[in-house]
Amino acid sequence: MNKFHQQLQEGIPSSLPKALVFDPEINRAPKRKDILSDSDKKLAIRNALRYFPSEWHGQLAAEFLEELNAYGRVYMYRFMPKDFVSARSIEEYPGNSEQAKALMLMIQNNLDPKVAQHPYELITYGGNGAVFQNWAQYRLVMKYLSEMTDEQTLVMYSGHPMGLFPSSKNAPRVVVTNGMMIPNYSKPDDWEKFNALGVTQYGQMTAGSYMYIGPQGIVHGTTITVLNAARMKRPDGNFKGLLFVTSGLGGMSGAQPKAAKIAGLVSVTAEVNPKAAYKRQEQGWVDVVIENIDELITQVEQARKAGENTSFAYLGNIVDVWEGFENAGLTIDFGSDQTSLHNPFAGGYYPVGMSYEAANEMMAEQPENFKEEVYKTLRRHAQAINKQTAKGTYFFDYGNAFLLEAGRAGADVFKSDSQEFKYPSYVQDIMGPLCFDYGFGPFRWVCASGKPEDLDATDAIAATVIEQMLEEAPEEIKPQLQDNLHWVKEAKKNQLVVGSQARILYADAQGRMRIAAAFNEAIKNGEIGPVVLGRDHHDVSGTDSPYRETSNIYDGSQFTADMAVQNFVGDAFRGATWVSLHNGGGVGWGEVINGGFGMFLDGSEEADQKLKSMLFWDVNNGIARRNWARNPHAMSAIDRAMQSEPKLKVTKPQLVEDTLINNLFTSS
């Protein structure tokens, strides 16, 4: 047995490993606040020790208490593999199931230090988006996956592997739930407490469902958003000199400067964490890192006047950028924010006028003071934005709960005499009407061989399919197809791959099915190796989120979660290899429910049947709901879906004249 196989198959080791020596260059998660009572801490230690033989308990109990006090969590660092985790070719993984091997590959990709935001703490992105709660869970999951057959299902409770259960070949190999709390226990401090106890976790969207593909996963969606925001300013498509200002370079938000670069803009992205900023520069996602606000203003003005396409990272607080540009008389064309404001008091957003180190210390030691400083900063942030928008800046909420938290902080973000926000969500203005209502969303795939040439081949296949669809498509969806054709043809030169050989593009149900079927045929013919299909949960059908994915639902149902739960269940029995259901995601714990999937293509007829059944449902579930909410584009999209599939019968809404309703409330 080779060393790699042995590491994956051993599970909890037979002898106690040596303590981990930390690499100071690795980006670490901030210390979580001390929220547990002494009796809670006793329970947390007892919960952690149940993974290990009793003869180790004496030593580990003291060690785990030390971790709990030092970090606010028990990560079990001692049990982290000595070699950093990273995805390999599927052929290198041990096991009895090719589907299980694909899952091991995807999990290891999520934890690769090149991909993960805080790899020591098993956090992939968003400050708290965890794959597992601790390293014992990782070890057990790898052992189970290396042993399972295609007639077993691994059941995952918020990072904990409950075990392998008998099932069938048609059942998912893994079923994942993360953070599924009783509703009255789904507030931010509930997450802090129950995560510290070791009984739940925040899976974000694609972190805890093993489908993260590095910042590329959001680059395409960000590019679509930025392009369409820029088109609002310059419909002719000449974007030279346009300035986009935003913040956040950790995890997903590293996509912002890359998307702005692809769109041809000048961009400034503020980031308080030096490791995150310089990591993005090393990866080629940011051109220039600047630490002085005056120098930033000078270089941005020069770049705009020259019509250059430069991405700047400002190492400092975003408030300094908005206020500094205002004071210098520099007008911002459009802006947003992509800090992790779903997690505002535990590392997702930082106060202005305070060093990164001092802020982290206050966060852990004086959480109430830290919260007030965050709220003060949000009020200043909003005030600075308001001054720019009064001059014509287009500002949109990028689904990170900026407006939600700013409103809670008492910032001036509401319309007069209303609880409606004065700025739109990007889903309301762009992604909803232009993409989701038509069924277009973030379809993605990973070449399980790990070969770049396989990714090149899949790019070419996808481009061919989109070109064919452009010849047949109705005029209303041709712009989306054209943007995606340009994207996939240009993707390689933009150096988007970090970690696994993966790609993403926005496709509707027909596009996803046709591209996937073409992949499966290429696998069958030996042209490429196996492929894992997936998507972001941020999609047409996967997520119920009133401040983001379903913010353009106006029939009052944006606060319901039926769609996401139905999506998760429906994917499971229509052929998904694994399914996931999460509380949380990009806008916060208790603010969203989202469902995801993964599907393994091996060139078989069975895979061909499954992809057609599952992908059709996965998209049209959401279009049907959006149609029922009376979204016009969704009503036409569901008509096309029913024409293409006679077995589909969807309830259509009867439209009511506004005057009829309004007359009922007219005073006599």
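**Notes on the salt bridges**

1. Let's start with Arg408: at 43% relative accessibility, this residue counts as partly exposed (buried means under 20% relative accessible area, exposed over 50%, and partly exposed in between, with a 1.4 Å probe and protein chains only). Keep in mind that this is a predicted model, where local features need pLDDT of at least 70, side-chain atom pairs count only at pLDDT 80 or more, and totals for chains, interfaces and linings use all residues. Residues are numbered from 1 along each chain as its sequence is written, and side-chain values use heavy atoms, leaving out hydrogens and water.

2. Who does Arg408 pair with? Its side chain meets that of Glu405 in a salt bridge (2.9 Å, N to O); the term means a side-chain nitrogen of Lys or Arg within 4 Å of a carboxyl oxygen of Asp or Glu. Both residues sit in helix H15 (residues 402-408), three residues apart, about one turn of the helix. Helices (H or I, at least four residues) and strands (E, at least two) are DSSP runs, numbered from the N terminus. Glu405 is buried, at 7%.

3. Now look at Arg139 and Glu10, whose side chains form a salt bridge at 2.8 Å, N to O. Arg139 belongs to helix H5 (residues 135-147) and Glu10 to the loop between helix H1 (3-9) and helix H2 (38-49), so the pair ties together parts 129 residues apart in sequence. Arg139 is buried at 9% relative accessibility, while Glu10 is partly exposed at 33%.

4. Overall, the structure holds 41 salt bridges.
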